[in-house]
Structure formats: structure tokens, C-alpha cells
Amino acid sequence: CSINDGSAFQVASPSSATPELADIDWDNLGFGIIPTDYMYVMKCYLDENFSKGALQRFGNIELNPSAGILNYGQGLFEGLKAYKRHDGNILLFRPEENALRMKMGAERICMPSPSVEQFVEAVKATVLANERWIPPPGKGSLYIRPLLMGSGSVLGVAPAPEYTFLIYVSPVGNYFKEGMAPINLVIETEMHRATPGGTGGVKTIGNYAAVLKAQSAAKAKGYSDVLYLDSVNKRYLEEVSSCNVFIVKGNLITTPATKGTILPGITRKSIIDVARSQGFQVEERHVSVDELLDADEVFCTGTAVVVSPVGSITHLGRRVTYGSDGVGRVSKQLYSALTSLQMGLATDNMGWTVEL
Ligand code: COI
């Protein structure tokens, strides 16, 4: 993989010495952008294949004002994490799943996408080039943000003529300001995140613009985030602004990611498999608000949020709390099982981790 900033810098190979850690406050990482050293950029024309990707210095990119992404929102993103293990090795978690999901989303909004191999190789190169920004074990992770966008100019509504695949990274800690403490959600009854036949089931950038109004209002009232309902019956759970939702009521139950309105989360899918391997019965089906409010435990899953326990849910002014002293037993057990795999603290019998 080449680096086109004109320097003689070579991407560190797994056997090269670990670079000195970046000089930041590793004990107080949140989920905000910290500029790192390199980003990866690869381009192609519509109806052609991506090629000639390269690392370049992290920084602003140039776009024509008529770029497809700026005018018509033709863009997708992904999110995955790299962890530094105690032996100094770096672990990625199921990067090929992100590549496949990006392909699925690209097909939905008429974009070419990198092959799974190109995606994974680009992720590895970007992580290695930014190794000094990977938090030490136990301090957080390196969040990896692949983007795919219509970067070519277009005026009438149509697929852009040129596409850019870009990856940047940032060291992160906990997503919610509550840290590991349970979050407080409010159910949104007026606005919806997705509609049947729309793009809720793929990771288009527009899905996230659609949640900002309700999310901002909820945060202003002191809630951590918003839980959305389906737009047809207005009674079944869909997901939170940036994550999927599970309830514990006898079995583990999560909302179905097969109808195109709920994002098929990779953490969601992993938690289902981990739970089944630990003897839980897992159901993927509609969950009504009534059932949610009657649950024993509720938690959210996502790359950014990992497994976040929910302490309370407010619906039409009624507040229901879960557990008396914090994190529920099942949430704790599944959080610990999943993160032990991701951080390389447990043997990966699932074959999910990729070591760099
Ligand atoms: C992720 O978990 O990677 C996400 O996509 C959430 C992001 C919107 C912060």
C-alpha cells in the first residue's frame, strides 16, 4: 500500500517496532474526533471498479459543490474498532461484515463499492499507519470510519459519475457520557427514523440526519437518547439513534432487522450468537412498547456503544426503570463475553477477530 504525501514513510508491518504512543490524555477519551496521522482514499467511476487506493495525510478533502453526496446524500458510512492487546498485537472485529454491509448499502443507493478484500486491506493499512493512536489496553479503542460517497458532480437527480471510498480513524472511549452507567431513553412518538421501503436497513448518511431533531430535543431534556417506533403501527420498537435494542424477558428478544427499517448491526448479530452459545434463547421479532415497559432488562448494542444497559425508558411522560442498582445481570454477562473477545482477553472460538 502506498502513501502519497511525498514522504518516505512506510506503513508499519506487524513485525516492526511499536511506535511511541501519541501524546494525548488516554484516561479521558470520549467519543469525539481526535485528528490522527493518515487516512485512506480510493476512487472510481460509476460502472467501474475501485483501484489504486493509497494512504495520505489526514486532512480536509476537496469536493465540487455539485458532488452527489452534498446535493443528494449519496453516501454511506461504516464503523468498526481496533483494540490493542496486552501483547502489543492489534485486533479488528469482523471487518468483512462491515465490508459486506457497505456493499449492500451501496447497491441500495446505486454506488459501486470496494470488494470485501479491498475494504479489509484498506482498514488494516489505515490502522497500522495510525498505530500510535490506538489506545493502550483498557483505555478505549481506535474507531475506524469508512465512508463511501458520490464525489462526482451531478445536477439532475442521478447517481454521481465518480465515487470516493475513504477511511479515517479516531481514538475513542465510551460513546455515552454516562460511561458504563445505564442510559436513560425516551420513546419518540411523532418522528420516525425509517419507513418501509426506505433506507433504514442500510447505513446511509441521511438516516442519521433524520434523528437529529428528536435526539437534540431529548438531550435538552436530560435523556441520553431516543428510541424510535415503527412508522406504520407506531407501537413496535425499531432502534435508538445509533444502536439496536434488546430486551430481556425470560428470553433475549431483539427487533427484526429483516424488514428494511432496522439496521442489521454487527454487534447485534454477534450478541445473538454469543447469547445462543451461552444457552440463551434468542428471538428476533416485533416488540411492542407494552412489552418493553414490562421487560426485566433492556440494553442497546452497536459498534460505538458496544453493549449499553438502559436504566430507564420514558413513554408519554411515564418513566419505567430497570434494575435497582445499575447494570442488569444479562447485560453484564453479554457485555463481558463480547468485549473479552474483541479485546483479545478470551480465546476467540467464534473466529471473529483479525490480528494485525
Ligand atoms: C457505530 O456504532 O459505528 C455507528 O454507526 C454509530 C455512529 C452513528 C456513532
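Predicted model: local features only at pLDDT ≥ 70, side-chain atom pairs only at ≥ 80, totals over all residues.
Numbering runs from 1 along each chain as its sequence is written.

**Overall fold**
- The C-alpha trace spans about 60 × 55 × 35 Å along its principal axes.
- There are 8 helices and 18 strands, taken as DSSP runs (H or I of at least four residues for helices, E of at least two for strands) and numbered from the N terminus.
- Of the contacts with a separation of 6 or more, 70% join residues 24 or more positions apart; a contact here means C-beta atoms, placed from the backbone, within 7 Å.

**Burial and core**
- Buried residues account for 45% of the 356, where buried means 20 or more other C-beta atoms within 10 Å of the residue's own, exposed means 12 or fewer, and partly exposed lies in between.
- The largest nonpolar core holds 91 residues, and A82, I144, L148, V226 and V298 have the most contacts inside it.
- Such a core is a set of buried Ala, Val, Leu, Ile, Met, Phe, Trp, Tyr and Cys residues joined through C-beta atoms within 7 Å.
- Leaving out residues up to four places away in sequence, V298 touches V245, I247, L292, V310, I313 and Y322.

**F50 and S51**
- F50 sits in the loop between strand 2 (38–45) and strand 3, and it is buried because 20 other C-beta atoms lie within 10 Å.
- Beyond residues up to four places away in sequence, F50 touches M42, C44, P112, P114, Q118 and F165.
- F50 and Q118 are 68 residues apart along the chain, with their C-alpha atoms separated by 8.4 Å.
- S51 belongs to strand 3 (residues 51–57), and it counts as exposed because it has 10 C-beta neighbours inside 10 Å.

**Ligand shell**
- Around the ligand are G79, Y208, S242, G302, T303 and A304, using a cut-off of 6 Å from the C-beta atom, placed from the backbone.
- This shell has 2 nonpolar, 4 polar and no charged residues.
- Ala, Val, Leu, Ile, Met, Phe, Trp, Tyr, Cys and Pro count as nonpolar, Asp, Glu, Lys and Arg as charged, and the others, Gly among them, as polar.

Terms used:
Contact = placed C-beta atoms within 7 Å.
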